[in-house]
Amino acid sequence: MNKSILIVNKFFEPHVGGIETVVKQQAEWFAREGWNVRVLVFLDKKAGSYNGNGDFEVLEISPFFVFKKLPFSFYFLWKLFVLARTSDVVIGHYPFPLFDFFVSIFPFSTKKFYLVWHSEIVSQKYLKMLVHPFTQILLRRVKVAVTSERLKLSSRYLQGVTCDIVPLCIDFSKYPFEKLSLTTVKPNFVDDFGHELPEDFSLFFGRLTGYKNVSWILNLAQRWPDKNFVICGAGDDEDLISLAIEKGMKNIYWVSKFLTHDEKATVFYCASLYLFPSHLETEAFGITQLEALSMGTRVLNQDLDSGVPSVTAGMPHCLTAHRHDFDDYCSKFEELNSIRLSLDQRWDIRRAAEVKFDEISISRRMVDFVRN
């Protein structure tokens, strides 16, 4: 009889986010291994419902209310209780306070609970204080996987906790660096103002939210008016970009629409440099960094106390700036722009990333983490 697994998270695809990407990957991995997989999440009404292929079941619960971006529903907790009772394994993803509360209040003496630790609650201080005692109980009742050694060492919660290190990953076969390198390619779409994207540009890709720190991209564009910057994303900080363009900054190209996977791979390949200026530990890893590396594109990030710098540690032609030091970020931006990489050097980036972050090996580590 096949074993059953329940994966619990706040949201799921089509909600866009790094943790949601990881949850879907895990559902696919365990389904491929023959497990009966169920995913319990809240419905994000703005993004819509998941439309999957039937390899696993996704149960979406409408929230009763949302507080500080945290959805809540008594029915969600009841459903979690019922599904956990009938599952051999339950995996939660941190931070998600309802999972802390559930495991703390409704422990099952024979149930196997697992936790994937992405980051601590960083910006919501009062919520962090409220959740703190439940998190401490949670960590005594689960087996923990963390995405990087740096993240484990920097977390006050994980001190003294035995953790498996399971990095995030991507399927490199879906990023056709070799195919694109054999031809002359350029993005086949225009920005929001109808302008074709330039041939030489630095790229920012992601949600325009506070911790992503898109303001540094705008400051770079102001300091180097002869350099082009492509910003792909939408979100709360859209007004910052609109205002910069209205003031006459001609070297900013903004694409707010959702890009298909092929469009995304192409824009990563065409970029000469991927800028990843996230400045809070809410940014736990940065899957888009892996996507850039898979296309042979250099990455410039910050030295956060999370998995972010571990992605590029030892990676050829990539740099990490001092944390919260814009002048150092500028210096390293200038250094990287002074060098043009050959195709062989870009292959070096791709191969080095594939060794560390390919989905085939990481998925085995995750499955073994649960099996063992």
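## A buried helix

Helix H9 (residues 261–270) is largely enclosed by the rest of the structure, because 8 of its 10 residues are buried (under 20% relative accessible area; over 50% is exposed and in between is partly exposed, with a 1.4 Å probe and protein chains only). Those buried residues are Glu263, Lys264, Ala265, Thr266, Val267, Phe268, Tyr269 and Cys270. Their cover includes helix H6 (177–181), strand E10 (202–205) and helix H13 (343–357).

## About the model

This is a predicted model, where local features need pLDDT of at least 70 and side-chain atom pairs count only at pLDDT 80 or more, while totals for chains, interfaces and linings use all residues. Residues are numbered from 1 along each chain as its sequence is written, and side-chain values use heavy atoms, leaving out hydrogens and water.

## Salt bridges

How many salt bridges are there? The count comes to 13, each a side-chain nitrogen of Lys or Arg within 4 Å of a carboxyl oxygen of Asp or Glu.

Let's meet a few. Glu13 and Lys24 pair up at 3.0 Å, N to O. Glu13 sits in the loop between strand E1 (4–8) and H1, and Lys24 in helix H1, 11 residues apart. Glu13 is partly exposed, at 31% relative accessible area.

Asp303 and Arg150 also meet in a salt bridge, at 3.0 Å, N to O. Asp303 lies in the loop between strand E14 (298–302) and helix H11 (308–312) and Arg150 in helix H5 (residues 149–154), so this pair ties together parts 153 residues apart in sequence. Asp303 is partly exposed at 30% relative accessibility, and Arg150 is partly exposed at 29%.

Conventions
Helices (H or I, at least four residues) and strands (E, at least two) are DSSP runs, numbered from the N terminus. Contact means heavy atoms within 4.5 Å.
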